[in-house]
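Me: I would like a close look at a single part of this model. Keep it brisk, please.

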Amino acid sequence: MKKKKEENAPVEGIIDGTDFVELKRDMQSAKIIAWLEYNQQQLIAGAIVLLLALVGVSLWKEQQLTEKNSAALLYMKAMNTADEAQRANLLDTVTKDFADTGYAVLAKLQKIKLSDAPEKQELLRSLIASKVAPEFIWQARLDLAELLITEGKAAEAKEILSERLGKQYEQARYALLASLTEDKAEKASLIQKALDAVSNDSELVTHLEAELASLRLEK
């Protein structure tokens, strides 16, 4: 009986379940420490690169804000200048020195008002080719087409108007296209398309309705 009890008694020094879990943890910790020691140079280099990237982004944002503020001040100075020649020079500076800001677009639009026909064409074409909000481009296309029509350049104007615009600009586009054709059927069709489009100009609608009525009477 005594011998049986001795066989069932736990043997001193044998690792139980808790000790085994702790041993596994110690082994994993040792592996992690060894990995960190082996890769410490790469980790330090990575941390430095990340830090430099964060600093670079911060400096870039600060520079962008400074540039935007400088552009705003110069643009406001130009708008508050009574002398047209001086205002034009200031607007040119905004366009050239702060080309990546929205104030460059505003400066270009203001400069168009001060320019003669050839320079207006150049500014409008550059605006159409630039990466700005589509509304600016659509309006520039309409303005350029009107300018070309005034100069008797119907073919160039028609080419400018061949591209569809935003729905708020389609009525004006169809109206200008109608003014470029002598064919009565085509003119009536274009005027009707203009009248069917979204309207922002009641005077234009009145003019188009009168012109369409006149064309129908002539038939």
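Which residues line the largest pocket?

Reply: The model is predicted. Its largest pocket has a lining made up of Thr95, Ala99, Thr101, Gly102, Ala104, Val105, Lys108, Leu127, Ser130, Lys131 and Val132. The volume is about 160 Å³. Helix α5, residues 102-114, gives the largest share of this lining, with 4 residues. Sorted by class, the lining holds 5 nonpolar, 4 polar and 2 charged residues.

Next, leucine 91. Helix α4, residues 84-97, carries leucine 91. Leucine 91 counts as buried because its relative accessibility is 0%, and the cut-off for buried is under 20%. Leaving out residues up to four places away in sequence, leucine 91 touches Tyr75, Ala78, Ala107, Gln110, Lys111 and Leu114. Methionine 79 is 12 residues from leucine 91 in sequence. In space, the two are 8.5 Å apart, C-alpha to C-alpha.

Helix α10 covers residues 184-196 and helix α11 covers residues 202-218. They pack at an angle of about 150°, and their axes are 10 Å apart. The crossing of α10 past α11 is left-handed. From α10, the contact uses Lys184, Lys187, Ala188, Ile191, Gln192, Ala194 and Leu195. From α11, Val205, Leu208, Glu209, Glu211, Leu212, Leu215, Arg216 and Glu218 meet them. By class, this contact has 8 nonpolar, 1 polar and 6 charged residues.

How values were computed. Residues numbered from 1 in each chain as written. Predicted model: local features only at pLDDT ≥ 70, side-chain atom pairs only at ≥ 80, totals over all residues. Heavy atoms only, no water. Axes fitted to C-alpha atoms, helices over the stretch in contact; angles between N-to-C directions. Helix = DSSP H or I, 4+ residues; strand = E, 2+ residues; numbered from the N terminus. Left-handed = near helix turned anticlockwise from the far one by under 90°. Contact = heavy atoms within 4.5 Å. Nonpolar A, V, L, I, M, F, W, Y, C, P; charged D, E, K, R; others polar. 1 Å grid on protein atoms, 1.4 Å probe; cavity = no way out; pocket = protein on both sides within 12 Å on 5 of 7 lines; lining within 4 Å. Points joined across faces, edges and corners; volume = space filled by probe spheres on them. Buried < 20%, exposed > 50% of the residue type's maximum accessible area, 1.4 Å probe, protein only.
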